[in-house]
Amino acid sequence: MNRLRNRVQLIGHLGMDPEVKTLDSGSKLVKFSLATNDSYVNSKGEKVEDTQWHNIIAWNKTADLIESYLEKGKEVALEGKLVTRSWEDENGIKKYITEVVCSEILFLGQREPEGVK
C-alpha cells in the first residue's frame with residue numbers, strides 16, 4: 001500500500017509553454033500548468049464541462065524531455081506526487097502553492113520522440 005500514498009496520475013493539455021530554469025547547482029527545473037477536463041449532467045439534464053488547472057514541476061532528465069518536446073496545447077499523461085510549499089512575498093504575506101512533482105511523463109496525441117521511453 002505504500003506505493004499508493006501521495007500518488008497522482010493526470011491526463012490533460014499543457015496550458016502554457018514550459019518555463020525552464022537552470023539552478024546554480026546545475027539542476028534543471030521546468031514548470032507548466034496542466035488542464036484536465038471532466039463533464040457531468042446536472043439536475044436540469046444539461047451537460048456541464050469542468051476544467052481543473054494543476055501546477056506541474058519536473059526536475060533534471062524529466063525536465064529535459066519536457067523542454068525538448070512539449071509546448072502549449074500538447075496532451076500528456078503524467079504521474080507524480082503532491083507537494084505543498086509556502087513562502088513570504090515582498091510584503092511579508094505568507095503564500096501557499098500546491099504542485100504535482102512529475103516523476104514520469106507520457107506524450108499523447110503524437111508519435112513519441114525517438115529514444116524516449
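N6 sits in the segment before strand 1. Its phi is near 50 degrees, a positive value in a residue other than glycine. For background, most residues other than glycine have a negative phi, and most peptide bonds are trans. N6 is partly exposed, at a relative accessible area of 41%. On that scale, buried means under 20% relative accessible area, exposed means over 50%, and partly exposed is in between, with a 1.4 Å probe and protein chains only.

Before going on, what we are looking at is a predicted model, where local features need pLDDT of at least 70 and side-chain atom pairs count only at pLDDT 80 or more, while totals for chains, interfaces and linings use all residues. Residues are numbered from 1 along each chain as its sequence is written, and side-chain values use heavy atoms, with hydrogens and water left out.

Now the layout. Read from the N terminus, the order is β-β-β-β-α-β-β. These elements are DSSP runs numbered from the N terminus: helices are H or I with at least four residues, and strands are E with at least two. The C-alpha trace spans about 55 × 45 × 35 Å along its principal axes.

Next, the strand pairing. I call two strands paired if DSSP finds at least two bridges between them. Strand 2, residues 19-22, pairs with strand 3 in the antiparallel sense over four bridges, and K21 stands opposite L29 in strand 3. The hairpin of these two strands has five residues between them, and there G26 takes a positive phi near 95 degrees.

Strand 3 goes on to pair with strand 4, again antiparallel, over 13 bridges. In that hairpin, too, five residues lie between the strands, and G45 has a positive phi near 85 degrees.

Strand 1, residues 8-14, is joined to strand 3 by two bridges and runs antiparallel to it. What is the bridge partner of H13 in strand 3? It is A35. A35 in turn has W53 as its bridge partner in strand 4. H13 also stands opposite E75 in strand 5. That belongs to the pairing of strand 1 with strand 5, residues 75-88, which is antiparallel over six bridges.

Strand 5 is joined to strand 6, residues 94-108, by 14 bridges, and the two run antiparallel. S86 stands opposite Y96 in strand 6. Their hairpin has five residues between the strands, with G92 at a positive phi near 80 degrees.

On to the interior. In soluble globular proteins, nonpolar side chains tend to be buried together. Here the largest nonpolar core has 17 residues, and those with the most contacts inside it are L34, I56, V76 and L78. Strand 1, strand 3 (28-41), strand 4 (47-59), helix 1 (60-69), strand 5 and strand 6 each supply at least two of its residues. Strand 6 gives the most, with four. By a nonpolar core I mean a set of buried Ala, Val, Leu, Ile, Met, Phe, Trp, Tyr and Cys residues joined through side-chain atoms within 4.5 Å.

Take V76. Leaving aside neighbours within four places in sequence, V76 is in contact with residues including L10, L14, L34, L70, I105 and F107. Contact here means heavy atoms within 4.5 Å.

I105 lies in strand 6. Is I105 buried or exposed? It is buried, because its relative accessible area is 16%. With neighbours within four places left out, I105 is in contact with T62, I66, L70, V76, A77 and L78. I105 and L65 are 40 residues apart in sequence, yet 8.8 Å apart in space, C-alpha to C-alpha.

T62 is in helix 1 and also counts as buried, at 16% relative accessibility. Beyond four places in sequence, T62 is in contact with C102, S103 and I105.

Also in helix 1 is N60. Its phi is near 50 degrees, a positive value in a residue other than glycine. N60 counts as partly exposed because its relative accessibility is 36%.

Last, the totals. Of the 117 residues, 29% count as buried. Among contacts between residues at least 6 apart in sequence, 56% join residues at least 24 apart. There are 17 positive and 19 negative side chains, and the centres of the two sets lie 5 Å apart. In that count Lys and Arg are positive and Asp and Glu negative, with His and the chain ends not counted, and each charge is placed at NZ of Lys, CZ of Arg, CG of Asp or CD of Glu.
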